[in-house]
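Let's take a walk through this structure together, from whole chains down to single residues. Keep the viewer open as you read.

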Amino acid sequence: MSQQQSTLPKTGCVAVTRRTMDNRSVRRRRTGAVRHLLLAAAFLACSSQLLVVDANSWWSLALTPIQRPEMYIIGAQPLCSQLSGLSQGQRKLCQLYQDHMIYIGDGAKTGIKECQYQFRHRRWNCSTVDNTSVFGRVMQIGSRETAFTYAISAAGVVNAISRACREGELSTCGCSRAARPRDLPRDWLWGGCGDNVHYGYRFAREFVDAREREKNYPRGSSEHSRTLMNLQNNEAGRQAAYNLANVACKCHGVSGSCSLKTCWLQLADFRRVGEFLKEKYDSAAAMRIGRKGKLELVDKRFNNPTPEDLAYIDPSPDYCLRNETTGSLGTQGRLCNKTSEGMDGCELMCCGRGYDQFKTYKHERCHCKFHWCCYVKCKRCTTLVDQFVCK
Amino acid sequence: MAGAIIENMSTKKLVIMGVTLLLFQAFAFMVGGLIAPSPTTAVHYLAAKCVDTSKHRQETKWFMPWGQDQCEKIRSFEEAMAKKIEANNIVFAVHIPLHYNEMSPWFQFMLVILQFDIAFKMYNQIEDGALVTVDVGLAYRDDPTSEWTEMAHSFEQRKLNCNFTTAKTFENEGRYYECDLLPFMEVGSVSHKYYLLNIRLPVNERKKINVGIGEIKDIRLVSIHQNGGFTKVWFAMKTFLTPSILIIMIWYWRRITLLSRPPVLLEKVILALGISMTFINIPVEWFSIGFNWTWMLLFGDIRQGIFYSMLLSFWIIFCGEHLMDQTERNRFSVYWRQVGPIVFGSFCLFIFDMCERGVQLTNPFYSVWASDVGTELAMAFIIVAGICACLYFLFLCFMVFQVFRNISGKRTSLPAMSKARRLHYEGLIFRFKFLMLVTLFCAAMTVIFFIVSQVHDGHWHWGDHEVQVNSAFFTGVYGMWNLYVFAIMFLYAPSHKRYGDEQSSGQCITGDHGANSGEDIQLTTTITHVDAPTEIYKMMGKTAQE
């Protein structure tokens with residue numbers, strides 16, 4: 001929804017009106033509100049361009065295949081204007097760093113894939129819907145799941161940009177801390193360039209947070225609290241990717257002694273980042289907007305979240321049933337595990353609705369003989385398995 | 001007079017000198033911490049997977065990962081599998097440095113580390129003791145448009161040492177193994193602007209080459225080079241220190257030669273220490289900017305080795321000459337037992353260094369650690385060197401202990417001695433204790449800074465300034481040992497103050513001996529009582545060796 005807002009302001013306006021009504025937090029707080037209040041809000045939203053852009057849709061870079069940037073002649077705008085889902089600031093960054101966009105897309109893709117892996121046994125399984133909002137309307141609720149999604153995709157961008165750096169694909173990589181391209185060779189000669197992981201972190205901060213930073217909501221409003229929540233979670237994701245990077249060192253002094261030692265950061269396996277963030281998801285902090293326009297804990301007994309922690313402002317919706325308003329897809333048709341007592345067990349997964357059982361043939365490649373590249377000789381094994389599907 | 005300058009110096013002057021040296025010391029630290037950048041930089045590279053489409057393999061073909069004439073690339077091996085590209089046709093290409101940068105002779109050296117990203121697959125696990133064979137070529141060019149020139153080409157084997165931290169189940173397929181860093185390449189001079197590495201992993205099932213090495217997803221390289229800024233600061237420091245040490249050395253030796261007796265062992269050792277310090281100081285590295293001298297790294301190691309062994313020998317001999325047990329030493333051969341381990345240990349390290357860096361002069365990809373025999377040999381050399389170091393320190397500690405025992409022995413009998421003897425011993429004790437203190441201070445500082453720089457990799461913030469701890473460590477410690485050698489040569493040079501305030505001791509002897517006192521004075525006051533000690537001992541009512 002609302003992806004084409006810059007070209008079609010009318011649809012954007014309609015979309016926002018609808019969204020304001022859908023917005024649970026608003027609805028909750030103004031339960032008996034008169035209708036004209038809503039209308040006023042919609043009007044306000046229409047007049048401000050910034051608001052209309054869907055907050056999540058840079059993720060859509062993961063879905064749209066981005067052509068290789070070298071296809072575009074220098075200074076060519078089409079790439080950036082063709083990409084849907086970028087905010088004003090992000091579009092500007094896109095123009096400045098065209099070669100980065102494909103990797104941001106990669107990063108978003110990695111994030112989504114990891115999210116789906118981590119939540120494969122949950123009622124909400126991070127499934128994507130086929131439009132530029134990527135995850136559908138569930139992301140408009142400031143829930144734990146939303147928090148996780150923001151964090152993991154930000155982490156994905158850090159990962160992807162750092163990787164692209166190492167591939168030598170980015171022209172500004174490493175040395176960019178001096179935003180003066182003319183001095184760049186001098187910096188490089190004098191003190192080398194910063195670490196790629198550091199660069200990845202910084203660029204991800206610029207790009208991912210650009211959308212939140214350019215919004216200008218009144219302090220203390222629900223939109224403002226959502227902005228703060230997004231910023232917190234983006235940062236948590238980036239920090240996870242950055243902090244989990246481990247330090248590798250090499251001694252190369254006299255006769256290989258450790259008098260001279262060089263260390264560098266090495267990105268962790270992204271699965272580890274996913275696991276780490278999943279733990280953070282389980283211990284995420286419930287927040288609400290305070291009087292000073294800052295997020296504060298709902299339950300003051302807990303510790304305040306650190307920048308590494310996830311935070312959410314809304315309770316999670318019920319993911320059991322399909323719900324057009326919340327965007328929940330429901331668990332109907334999901335596979336479940338009959339014997340498990342956990343979330344992937346049929347009891348919990350199907351929300352007590354019961355399940356269907358049927359037998360299928362599962363084809364697997366087995367007894368493979370593999371060489372490091374390019375040859376795999378496998379046999380095909382077929383097994384008969386029982387499968388359970390939620391009603 | 002009483003020998004060395006240090007004994008004749010007034011406390012005030014000594015303090016002034018100490019403060020000056022400390023100021024220089026602080027300056028040396030600051031130069032490194034505030035002006036110089038960190039000593040080295042590590043740059044990551046991820047090898048691009050190029051496809052060699054040519055039917056017949058040409059040796060001259062080089063594959064560029066990016067830029068104008070970049071190769072045909074694949075993004076993953078799934079793609080290769082789909083396109084039916086054989087392993088032997090995949091070339092991993094890495095261009096050093098990254099985009100828009102160029103290497104420079106100021107980087108001094110470049111070493112490259114190899115890392116494999118190997119994904120875990122249930123049916124394709126890494127076998128125990130798996131060996132990777134790489135076919136690697138290194139080329140350079142100085143102009144971004146010219147042709148590549150081959151620098152080295154080699155077949156290398158590296159041992160994969162990987163472990164998988166989580167359970168080996170289907171669930172965890174696709175996770176990466178954690179593999180040890182593999183030493184890959186070392187070049188002793190960076191005289192070209194662009195370098196290109198082309199790596200192939202040829203597969204030969206019959207010969208069991210590159211079989212059972214798991215599913216390699218990517219090849220990563222980390223190149224380490226010295227920073228240009230650090231090199232400049234380092235050169236500047238060396239250029240400044242060389243004349244300082246050289247001048248004090250000449251001055252010191254002139255003083256020695258002015259004496260009417262031949263120089264004693266300790267004086268010679270101090271001179272040797274000065275020479276080795278100058279040897280390390282002379283900034284021959286300046287030539288590496290203009291010339292392609294790959295042996296500079298090895299040469300630097302040798303110079304450092306010589307200085308270290310000289311310093312260690314100096315401590316032993318200094319202790320020995322202050323033992324105060326009236327044994328005739330003053331000959332180098334007396335110390336063979338203590339100096340032996342130093343020489344032997346340094347020799348072992350030298351052999352080890354020659355095996356590694358020496359061979360790297362011809363084949364930059366060589367590593368002793370790559371083969372089992374090499375690893376054992378290298379370990380043997382290092383262990384022997386380690387044993388030598390332990391032996392040396394045992395000897396040194398024992399000698400220091402002996403000196404202190406003798407000192408406390410002498411202390412009790414000091415008041416009963418004749419004035420000349422008392423002053424002689426007091427001089428010895430003072431000189432020894434002073435050096436002991438300074439040496440301990442320097443050693444402690446070195447150790448502390450070493451630990452700090454090892455624990456703190458990186459920099460500290462001090463106000464707005466970024467303090468480079470590692471650079472401060474290098475310049476500071478280097479400056480410190482220079483100042484140490486400087487101070488020793490200055491303070492332990494023979495004093496000219498014969499007729500000054502320290503006349504007393506001389507007069508005491510002259511009183512006894514009359515006319516030929518001049519020489520005797522010096523005999524008493526030389527750091528060791530050498531040429532005719534018997535005479536003095538007779539005078540003192542003691543027969544030394546009879």
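In chain B, residues 24 or more positions apart account for 79% of the contacts with a separation of 6 or more, where contact means heavy atoms within 4.5 Å. This is a predicted model, in which local features need pLDDT of at least 70 and side-chain atom pairs count only at pLDDT 80 or more, while totals for chains, interfaces and linings use all residues. Residues are numbered from 1 along each chain as its sequence is written, chains are lettered from A and ligands numbered from 1 in the order in which they are written, and side-chain values use heavy atoms, with hydrogens and water left out.

Staying with chain B, you will find 14 helices and 14 strands; helices (H or I, at least four residues) and strands (E, at least two) are DSSP runs, numbered from the N terminus. Of its 546 residues, 53% count as buried, and buried means under 20% relative accessible area, with exposed over 50% and partly exposed in between (1.4 Å probe, protein chains only). Chain B exposes about 24,600 Å², and carbon and sulfur atoms supply 63% of that surface. Such accessible areas come from the Shrake-Rupley method with a 1.4 Å probe, and for residues only the protein chains shown count as cover.

Now for chain A. It has 13 helices and ten strands, and 51% of its 391 residues count as buried. Its accessible surface comes to about 19,300 Å², with 53% belonging to carbon and sulfur atoms. Among contacts in chain A with a separation of 6 or more, 66% are accounted for by residues 24 or more positions apart.

Next, let's look at how some helices pack. Two packed helices are described by the angle between their axes and the distance between the axes. In chain B, the axes of helix α2 (residues 11–35) and helix α11 (residues 469–491) come within 7 Å and cross at roughly 155°. Here axes are lines fitted to C-alpha atoms, for helices over the stretch in contact, and angles run from 0 to 180 degrees between N-to-C directions. The two helices α2(B) and α11(B) are therefore roughly antiparallel to each other; angles under 35 degrees count as roughly parallel, over 145 as roughly antiparallel, 65 to 115 as roughly perpendicular and the rest as oblique. The residues that make the contact include B:Leu14, B:Met17, B:Leu21 and B:Phe24 of α2(B), and B:Met480, B:Leu483 and B:Phe486 of α11(B). By class, the contact of α2(B) with α11(B) has 15 nonpolar, seven polar and no charged residues. For these classes, Ala, Val, Leu, Ile, Met, Phe, Trp, Tyr, Cys and Pro count as nonpolar, Asp, Glu, Lys and Arg as charged, and the others, Gly among them, as polar.

Helix α10 (residues 196–213) and helix α11 (residues 222–244) of chain A pack at an angle of about 170°, with their axes 10 Å apart, so α10(A) and α11(A) are roughly antiparallel to each other. Among the residues in this contact are A:Arg205 and A:Asp209 of α10(A) and A:Glu235 and A:Arg238 of α11(A). This contact of α10(A) with α11(A) divides into six nonpolar, five polar and six charged residues.

Helix α7 (residues 98–118) and helix α8 (residues 144–167) of chain A pack at about 135°, with their axes 7 Å apart. That angle makes α7(A) oblique to α8(A). Their contact has nine nonpolar, six polar and three charged residues.

In the loop between α7 and α8 of chain A sits A:Cys126. What is the phi of A:Cys126? Its value is near 65°, positive in a residue other than glycine. A:Cys126 is also buried, because its relative accessible area is 0%. Most residues other than glycine have a negative phi, and most peptide bonds are trans.

Back in chain B, the loop between β4 (90–96) and β5 (110–119) holds B:Pro97, and the peptide bond from B:Ile96 to B:Pro97 is cis, with omega near 0°. With a relative accessible area of 11%, B:Gln108 is buried.

Our last stop is B:Gly358, in helix α8 (residues 336–360) of chain B. At 14% relative accessibility, B:Gly358 counts as buried. Not counting residues up to four places away in sequence, B:Gly358 touches B:Leu298 and B:Asp353.
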